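Subject: Handing over the structure

Dear colleague,

I am passing a structure on to you, and I would be grateful if you could read these notes with it open beside you.

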Amino acid sequence: MEKMLLVLVVVMAAMSCLGGKLAHAQLHHVVGGDRGWESSTDVAAWSSGRVFQVGDKIWFAYSAAQESIAELKSKEEYESCDVTNPIRMFTDGLNSILLEGEGIRYFVSSKTDSCKNGLKLHVEVMPKGDPNVTTSNVGSASTLAAAPTTPTPSGSIRSCYSFALFLVGFWLCYMGF
C-alpha cells in the first residue's frame, strides 16, 4: 500500500509540473534574423510564414545612432508610414517586446524613407496553443534569438523537469530497481 501511495504522489507531482506547458514554450524572434533591423533587411521575407503567438517575444536589434522604431495604432498609419502619433518609440538599439495579447501590431522605421522602402513589420499574434500552428511554420533556429536559439521551455519548466526527474529517481531507488 505504501508503494502505491508513493507512485501516486510521484505521478501527480510530475503531472502538476509538466501539465500542458511543454507544447506552449515561449519563442524569441529576432526581427530580420542575423542582419537585424536595418534598411538592407528584407523584413517582409523574414516574417513571411512566421507564426507569432501570445507569450512570444520579438527582438529588434539595430543601430540606435542611425535608427529608431515606432509602434503604430492602425493599418492606415502603417501603410502610409505615418509616425506622427506612435503608441511607443523604441530608441535603445535592442528592444524586447512581449506579445501579450492576440491581434495585429504594427512596427515601422521612424525614418520615413526607410519605412517606405520596406523597413516595417506587422505582426499577427495568434492565441497560445492554436491548433493551426505547427513547428514547421514557426521558423528556423537561425532567425530565433541567440538566447534561446531554439524553442525551449522557460526556466520554471526546467525546474519542474528537475523536480520530476528527482522524484522518479527517488521512486526507482525506493522500489529497488
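Predicted model: local features only at pLDDT ≥ 70, side-chain atom pairs only at ≥ 80, totals over all residues.

Residues are numbered from 1 along each chain as its sequence is written, and side-chain values use heavy atoms, with hydrogens and water left out.

Let me start with the disulfide, which in general is a covalent bond between the sulfur atoms of two cysteines. Taking a disulfide as a pair of cysteine sulfur atoms within 2.5 Å, the count comes to one: C81 and C115, whose sulfur atoms are 2.1 Å apart. This disulfide is left-handed, because the torsion about its S-S bond is about -80°. The pair links distant parts of the chain, 34 residues apart, with C81 in the loop between α3 (75-80) and β5 (88-90) and C115 in helix α4 (residues 112-116); helices (H or I, at least four residues) and strands (E, at least two) are DSSP runs, numbered from the N terminus. Both cysteines are buried, where buried means under 20% relative accessible area, exposed over 50%, and partly exposed in between (1.4 Å probe, protein chains only).

Next come the nonpolar cores, each a set of buried Ala, Val, Leu, Ile, Met, Phe, Trp, Tyr and Cys residues joined through side-chain atoms within 4.5 Å. The largest has 18 residues, of which V31, W37, I58, F60, F107, L121 and V123 touch the most other members. At least two residues of this core come from each of α2 (43-47), β3 (57-61) and β8 (120-126), and β8 gives the largest share, three residues. Apart from it lies another core, of seven residues, among them L72, C81, Y106 and V108.

Two further residues deserve a look. H29, in strand β1 (residues 28-30), is buried with a relative accessible area of 0%, and its side chain makes a polar contact of 3.2 Å with that of D56; such a contact is a pair of N or O atoms within 3.5 Å, where, within protein, one must be able to donate a hydrogen and the other to accept it, and residues adjacent in sequence count only if both atoms are side-chain atoms. E77, in helix α3, is also buried, with a relative accessible area of 13%, and a polar atom of its side chain lies 3.0 Å from the backbone nitrogen of K73.

With best wishes
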